[in-house]
Amino acid sequence: MKKSLRFASAALALTLAAGCAMPAFAAGKSSFSKSETVYAVMNGDGSIKSTTVSEHLYSASGLANVTDKTTLTDIQNTESDAEFTQNGEELVWNTNDTDVYYKGNTDKALPIDVKVTYALDGQEAALEDIIGKSGHLTVTVNNETGTVNVNGKDRTIVTPLITAVGVILGGDASNVTAEHGMIESAAKSSVAAFVTLPGVKDSLSGLLPDEVDSIEDYLQDTVTVEADVEDFTCPQVMVACATSTAALGTSNVFDLSSIIRHRGQSPHCPFLSG
């Protein structure tokens, strides 16, 4: 992996890059495509604080009178002056532009729930309670998926989402380790990076031969980072996931050095206030 790690994210706490490109149709016109990326900001424990969806509509013949379906609220055109009219869940775009980008908010559940826990010297604690303290830190990020009952047995059934997890620690951290992951350094920060497929291991339980144990590193639901910290400052936890590696590509990507430059070293936790 290159020294400059790249994550498809908005340098927020959690990003789900839905990365889906869906064909759509407008009456009397050729088809148009619609793709979306979901950005979610989480609280210190991983619970969702807010979720924003970015949409991209495209038609080579223009988007005049194209009707789009959406359940988003507080919709804003983000990159042009193209206007739309809204009737319930229908948006009719009034532009000859070939591309329209807009965003809105949603309260719908995400396909993966993230839980982040912290422990200092073996004692689990809320993040805000260990800021400024010293000791041996353990950060655990758990990507939780749902289960269904099949023939009387609970099984995990998931859409495989290729998931990149990054935990960025500041200059207060040393001796950083990450089982099933890798460590990279830039400036005074350390990044523990993982690539996982949450839920897949449980969904395949009992179905695969023992010979596939070599892929264990990529079938983790929970990843753990450990470090020695002195006057601990708030870390940044980032998750990016999509149904394909292409959707985690170079669009909306922040270079690691850019992430660290904007991270800052405030004693307060940036993602607790958004």
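What percentage of the contacts in the protein with a separation of 6 or more do residues 24 or more positions apart account for? Which strands form the open sheet, and in what order?

Author: The model is a predicted one, so local features require pLDDT of at least 70 and side-chain atom pairs count only at pLDDT 80 or more, whereas totals for chains, interfaces and linings use all residues. Residues are numbered from 1 along each chain as its sequence is written, and side-chain values use heavy atoms, with hydrogens and water left out.

To the first question, the answer is 69%: that is the share of contacts with a separation of 6 or more that residues 24 or more positions apart account for. Contact here means heavy atoms within 4.5 Å. The protein has three helices and 21 strands; these are DSSP runs numbered from the N terminus, helices being H or I of at least four residues and strands E of at least two. Of its 274 residues, 42% are buried. Buried denotes under 20% relative accessible area, exposed over 50%, and partly exposed the range in between, with a 1.4 Å probe and protein chains only. The accessible surface comes to about 14,200 Å², and carbon and sulfur atoms hold 49% of that area; the areas come from the Shrake-Rupley method with a 1.4 Å probe, and for residues only the protein chains shown count as cover.

The open sheet consists of five strands in the order β11-β10-β12-β19-β16, with antiparallel pairing. Two strands are taken to pair if DSSP finds at least two bridges between them. In general, strands of a sheet pair through backbone hydrogen bonds, either parallel or antiparallel. At the edges of this sheet lie β11 (123-125) and β16 (173-178), each of which pairs on one side only. From one strand to the next the twist averages 25°; axes are lines fitted to C-alpha atoms, for helices over the stretch in contact, and angles run from 0 to 180 degrees between N-to-C directions.

L120 stands opposite Q123 of β11. The loop between β10 and β11 contains D121, whose phi is near 55°, a positive value in a residue other than glycine. Most residues other than glycine have a negative phi. H180 is another case, with a positive phi near 70°. H180 lies in the loop between β16 and β17 (182-186), and it counts as partly exposed because its relative accessibility is 24%.

L137 illustrates the packing: leaving aside neighbours within four places in sequence, its contacts include Y118, A119, L120, I130, L169, V225 and F232.

G166 belongs to β15 (residues 162-169) and counts as buried because its relative accessibility is 1%. The C-alpha atoms of G166 and V237 are 5.9 Å apart, although 71 residues separate them in sequence. V38, in β3 (residues 32-42), is buried at 11% relative accessibility. Its C-alpha atom is separated by 9.6 Å from that of K103, 65 residues away along the chain.

Finally, there are two salt bridges, each defined as a side-chain nitrogen of Lys or Arg within 4 Å of a carboxyl oxygen of Asp or Glu. One joins the side chains of K34 and D68 at 3.0 Å, N to O, and it links β3 to β5 (residues 66-69) across 34 residues. K34 is buried at 9%, and D68 is buried at 4%. The side chains of E90 and K69 also form a salt bridge, at 3.1 Å, N to O. This pair links β8 (residues 90-94) with β5 across 21 residues. Here E90 is partly exposed at 29%, while K69 is exposed at 53%.
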